[in-house]
Amino acid sequence: MTDEQVARINELYHKSKTPDGLTEAEQAEQAGLRQEYLMAIRRNMRQTLENTVVEYPDGTVKNLKEVGKKHADNK
């Protein structure tokens, strides 16, 4: 998501709070931009979690997925 898109989301938000509000086209644009924003957040979070490692006191390092599978198997 670009800085311009984020700025447009903010612009539409502020306009929605005015007495005139948003037109139907602007409401649709706002909804689309919000969906893109949420997808970008989810994608970034997924990448962060996939690159997270756990280091144990004995010095071993495991990917978070490996750690999660181990705990899921023990339940």
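Me: How do helix 1 and helix 2 lie relative to each other?
Reply: Helix 1 (residues 3-16) and helix 2 (residues 24-50) pack at about 135°; helices here are DSSP runs (H or I, at least four residues) numbered from the N terminus. Angles run from 0 to 180 degrees between N-to-C directions, along axes fitted to C-alpha atoms over the stretch in contact. Under 35 degrees counts as roughly parallel, over 145 as roughly antiparallel, 65 to 115 as roughly perpendicular, and the rest as oblique. The two helices are therefore oblique.

Me: What kind of model is this?
Reply: Residues are numbered from 1 along each chain as its sequence is written, and side-chain values use heavy atoms, leaving out hydrogens and water. Local features need pLDDT of at least 70, side-chain atom pairs count only at pLDDT 80 or more, and totals for chains, interfaces and linings use all residues; the model is predicted.

Me: How far apart are the axes of helix 1 and helix 2?
Reply: Two packed helices are described by the angle between their axes and the distance between the axes. For helix 1 and helix 2, that distance is 10 Å.

Me: Which residues of helix 2 make the contact with helix 1?
Reply: Contact means heavy atoms within 4.5 Å. Helix 1 contributes Gln 5, Arg 8, Ile 9, Leu 12, Tyr 13 and Lys 15. From helix 2 come Glu 26, Glu 29, Gln 30, Leu 33, Glu 36 and Tyr 37.

Me: Is Glu 26 buried or exposed?
Reply: Glu 26 sits in helix 2 and has a relative accessible area of 14%. The cut-offs are under 20% for buried, over 50% for exposed and partly exposed in between (1.4 Å probe, protein chains only). Glu 26 is therefore buried.

Me: With which side chain does the side chain of Glu 26 make a polar contact?
Reply: Beyond four places in sequence, Glu 26 touches Arg 8, Leu 12, Lys 15 and Gly 21. The polar contact of the Glu 26 side chain, at 2.8 Å, is with that of Lys 15.

Me: Which residues does Gln 30 touch, not counting those up to four places away in sequence?
Reply: Gln 30 also belongs to helix 2, and its 9% relative accessibility counts as buried. The residues touched are Leu 12, Tyr 13 and Leu 22.

Me: What separates the C-alpha atoms of Asn 10 and Gln 30?
Reply: Asn 10 lies in helix 1 and is partly exposed, with a relative accessible area of 40%. Asn 10 and Gln 30 are 20 residues apart along the chain, and their C-alpha atoms are separated by 9.3 Å.

Definitions and conventions: A polar contact is a pair of N or O atoms within 3.5 Å; within protein, one must be able to donate a hydrogen and the other to accept it, and residues adjacent in sequence count only if both atoms are side-chain atoms.
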